[in-house]
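Open the model in your viewer and keep the selection tool ready. We will go from one stop to the next.

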Amino acid sequence: MIRITMFSAAETVPGQGVGSAYRELVNLLTDRFPDKFDLKFNSLSRTDISHYHTINFGFFLNTFLPGRGTKIGYVHFLPETLEDSINLWSPIKKIFYWYVMTFYKRMDQIVVVNPVFIDKLVALGVAKEKITFIPNFVSKDEFFPVPDNQKAGIRQKLSLPEDSFIVLGVGQVQVRKGVLDFIQLAKDNPKWTFVWVGGFSFGAITAGYEELKKVVDNPPKNLIFPGIVDRDLMNDYYNAADVFLLPSYTELFPMSALEAFSTGTPTILRDLDLYRAIIDGYYLPANDRVGMQTQLDQLATDQELQHQVAKQSLAASEYYSATHVSRIWEDYYINQVHEKTDGGHE
């Protein structure tokens, strides 16, 4: 068996996509490869592969210990993607950004969740031959469409209006996620119900915290902020919605979009280069808030379009399914151990 140690603190801060991606991968490896991979978590015992999911300083220090095997870094963000997420004093920001890249360069191998970031990492000094693209995925056991006749009951369970057109957003409440556009759309469409699931995972250092906190504490009547909810409730929220809208300005590979796809929920995304590289054709694109309004108007009035975009969502979920991506991870881990052995290393 191949010994794999997962190093992660992703689940200590609730409501982050990194935590969702980490949990999906751990569950996948545990369920599908119990006889191939021996998983340990944050352990310093000797291992064949050390897979670093977060960049905690303690994890960086343990990369210098013997018996770490092949060190794999999972890149969920780059310094540039943090610009609109957190506010840091300039000197601290420079030190932190330097540390992020120092951590990544310390790895033997890098896995990115979006191919667009390969060239960006190379420009920042990471050797291209060390970088591999493996997409995120979600489990169809956790995220799946429910029959139409059950949706009224789900809305009732979540205290959502049963007869309203519901627009769902999911993610941390921060400027980068486009929450301000989501809020304005709610104000512009008082007859619809807007729901944003997520909270301030970074607290008061969240970019735009004061402005956003005022709205979260006193939202328009048709805008609901349930906060950070249990993961086992998320399938209900996606199925309760008529449309999933993610107005983010920057993303890597949003887990929320994959979750929406897996439930067959029609999806609108800001039209980013990042999305075109991985999920082009599976969602309705919008360049700005005006474009989002146009797409929402069409979905609200065109049932045929709703069915068409729902089918696109389900098609995307097949490609980014656990079955498909599990084969990629299986081959990747096995190849890393073989290459280490063939190279005469530990």
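Stop 1: Select Phe194. Phe194 counts as buried, at 0% relative accessibility. Keep this model's origin in mind as you look: the model is predicted.

Trp192 has 14% relative accessibility and counts as buried, because the cut-off is under 20%.

By the rule used here, the count comes to 27 aromatic pairs. Trp192 and Phe194 form a tilted pair: their ring centres lie 6.4 Å apart and their planes meet at 35°.

**Stop 2: a cluster of rings.** Select Phe7, Tyr52, Phe57, Phe59, Phe60, Phe64, Tyr99 and Phe103. Ring pairs link these residues into a cluster.

**Stop 3: helix α7.** Select residues 209–217, which make up helix α7, and find Leu212 there. Is Leu212 buried or exposed? Leu212 is buried, with a relative accessible area of 1%. Leu212 and Val173 are 39 residues apart in sequence, yet their C-alpha atoms are 7.5 Å apart in space.

**Stop 4: helix α13.** Move to residues 322–342, helix α13, and pick Glu330. Glu330 counts as buried, at 15% relative accessibility. Which residues does Glu330 touch, leaving aside neighbours within four places in sequence? Glu330 is in contact with Phe33, Lys36 and Phe37.

**Stop 5: the whole chain.** Clear the selection and zoom out. Colour by secondary structure: the chain has 13 helices and 12 strands. The radius of gyration is 21 Å, close to the 20 Å that the globule rule gives for 346 residues, so the chain is as compact as a globular protein of that length. The trace spans about 65 × 45 × 30 Å.

Now think about contacts. Among those between residues at least 6 apart in sequence, 71% join residues at least 24 apart. Of the 346 residues, 54% count as buried.

Finish with the surface and the charges. The chain exposes about 15,400 Å², and carbon and sulfur atoms supply 52% of that area. Colour the charges next. There are 33 positive and 41 negative charges, and their mean positions are 5 Å apart.

Conventions: Residues numbered from 1 in each chain as written. Predicted model: local features only at pLDDT ≥ 70, side-chain atom pairs only at ≥ 80, totals over all residues. Heavy atoms only, no water. Helix = DSSP H or I, 4+ residues; strand = E, 2+ residues; numbered from the N terminus. Rg over C-alpha atoms; globule rule 2.2 N^0.38 Å. Buried < 20%, exposed > 50% of the residue type's maximum accessible area, 1.4 Å probe, protein only. Contact = heavy atoms within 4.5 Å. Areas by Shrake-Rupley, 256 points an atom, 1.4 Å probe, with all protein chains shown as cover. Lys, Arg positive; Asp, Glu negative; His and termini not counted. Charge placed at Lys NZ, Arg CZ, Asp CG, Glu CD. Phe/Tyr/Trp six-rings, centres within 6.5 Å; stacked < 30°, edge-to-face > 60°.
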